[in-house]
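User: I am new to this structure and would like to understand the labels used for it. Could you walk me through some of them?
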Amino acid sequence: MAEMGSKGVTAGKIASNVQKKLTRAQEKVLQKLGKADETKDEQFEQCVQNFNKQLTEGTRLQKDLRTYLASVKAMHEASKKLNECLQEVYEPDWPGRDEANKIAENNDLLWMDYHQKLVDQALLTMDTYLGQFPDIKSRIAKRGRKLVDYDSARHHYESLQTAKKKDEAKIAKAEEELIKAQKVFEEMNVDLQEELPSLWNSRVGFYVNTFQSIAGLEENFHKEMSKLNQNLNDVLVSLEKQHGSNTFTVKAQPSDNAPAKGNKSPSPPDGSPAATPEIRVNHEPEPAGGATPGATLPKSPSQPAEASEVAGGTQPAAGAQEPGETAASEATSSSLPAVVVETFPATVNGTVEGGSGAGRLDLPPGFMFKVQAQHDYTATDTDELQLKAGDVVLVIPFQNPEEQDEGWLMGVKESDWNQHKELEKCRGVFPENFTERVP
């Protein structure tokens with residue numbers, strides 16, 4: 001019996017709810033068709049619009065704050081990986097290793113502290129702030145339903161009063177239902193009329209507190225991080241000063257075609273004018289007696305000194321060929337044209353032997369000879385010259401001969417010298433095998 005009674009109550013409640021929904025739907029249709037008036041409250045409707053706007057702004061702020069926290073966490077991981085890399089490459093015998101490791105630990109702790117404080121002082125506060133909106137939203141919706149019930153009860157009561165045949169019992173019951181519906185609606189309406197404006201005004205203080213917290217935490221974080229970065233910089237500066245040469249240059253073995261300066265520049269193509277010495281062939285017949293004004297190639301590879309002496313220079317002939325090349329080994333035939341090797345003044349410790357360009361006023365001090373770029377060269381360091389094919393460079397000696405790397409020359413582009421006449425701003429080094437000497 002109890003179960004049946006329970007079921008009866010449940011069934012009755014369901015039926016009552018269904019009837020209410022049908023009545024509300026009917027009332028709304030009549031109101032939309034203009035056949036029934038609707039109770040309006042413009043002030044409350046404005047409060048509802050403000051509530052919806054506030055909810056949208058708060059939801060967006062929460063989303064962006066979570067994105068910001070995710071970014072902070074990602075930066076923490078990236079910073080941690082970077083410090084781990086530094087710890088791995090830092091040799092055990094280098095000074096400051098313990099300090100660098102301690103700085104890395106403090107860096108990790110600082111990131112974790114910053115993230116946690118953002119969660120506590122911003123995200124949790126944001127969640128609490130938004131936590132009140134769902135309840136108020138449901139109460140606004142319920143108030144709307146109770147307003148429809150009130151309008152429906154009012155219309156029913158008015159229709160009974162204006163009927164030709166009045167039924168006092170029905171009128172009395174309708175009046176009772178109207179009073180009840182009005183009471184329920186007004187109670188909810190009064191509460192919301194007080195809460196919604198208060199909630200709307202609270203957004204200002206909430207936004208101020210939230211962004212002040214974020215700004216303050218971020219300011220303190222960057223101050224502390226700046227101190228750690230300065231400490232790490234001091235450790236690295238100390239390491240640099242205590243290193244013997246103050247440099248960590250790694251040089252590769254020089255090749256036949258590539259310059260030795262850091263092994264940074266490519267070699268020009270094989271067979272290019274810059275990669276081989278200039279050899280000019282004189283096709284005039286050799287005078288009787290074998291004497292020529294110029295130098296002839298030696299008869300065998302064992303006679304390089306003779307060719308150098310005949311050419312009038314003090315260094316090996318620029319066009320001397322390696323053993324095994326037929327031009328050098330078979331030069332004894334008088335019917336073949338004589339090969340004349342033109343040499344240029346040799347440089348020793350930055351000075352020119354036999355040269356006379358150093359005293360010319362229109363050329364830079366210490367000028368030795370000119371070269372012309374045969375290929376483009378892109379500078380990879382601040383002390384290098386940027387060359388385009390065809391550029392003429394005035395070669396000058398290194399201020400410190402010990403700084404000269406094999407395969408590299410010091411010079412100033414002729415165009416820059418003619419324009420500025422300043423060595424300090426214009427000079428630089430360049431790979432010799434990208435150029436060819438010119439008269």
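Analyst: Gladly! In this predicted model, aspartate 151 and arginine 154 join their side chains in a salt bridge, with 3.0 Å from N to O. Both residues sit in helix H4, three residues apart, which is about one turn of the helix.

User: Why is the contact of aspartate 151 with arginine 154 called a salt bridge?

Analyst: The rule asks for a side-chain nitrogen of Lys or Arg within 4 Å of a carboxyl oxygen of Asp or Glu. The N to O distance here is 3.0 Å, so the pair qualifies. By this rule the count comes to twelve salt bridges.

User: What makes aspartate 135 and arginine 139 a salt bridge?

Analyst: Their closest N and O atoms are 3.8 Å apart, and the cut-off is 4 Å, so this pair counts too. Aspartate 135 and arginine 139 are four residues apart in helix H4 (residues 133-161), and therefore separated by about one helical turn.

User: How do you know whether arginine 139 is buried or partly exposed?

Analyst: Buried means under 20% relative accessible area. Arginine 139 has 21%, so it counts as partly exposed. Aspartate 135, at 44%, is partly exposed as well.

User: Which parts does the salt bridge of arginine 139 with glutamate 195 tie together?

Analyst: The side chains of arginine 139 and glutamate 195 meet at 2.8 Å, N to O. Arginine 139 belongs to helix H4 and glutamate 195 to helix H5 (residues 168-242), so the pair ties together parts 56 residues apart in sequence.

Conventions: Residues numbered from 1 in each chain as written. Predicted model: local features only at pLDDT ≥ 70, side-chain atom pairs only at ≥ 80, totals over all residues. Heavy atoms only, no water. Helix = DSSP H or I, 4+ residues; strand = E, 2+ residues; numbered from the N terminus. Buried < 20%, exposed > 50% of the residue type's maximum accessible area, 1.4 Å probe, protein only.
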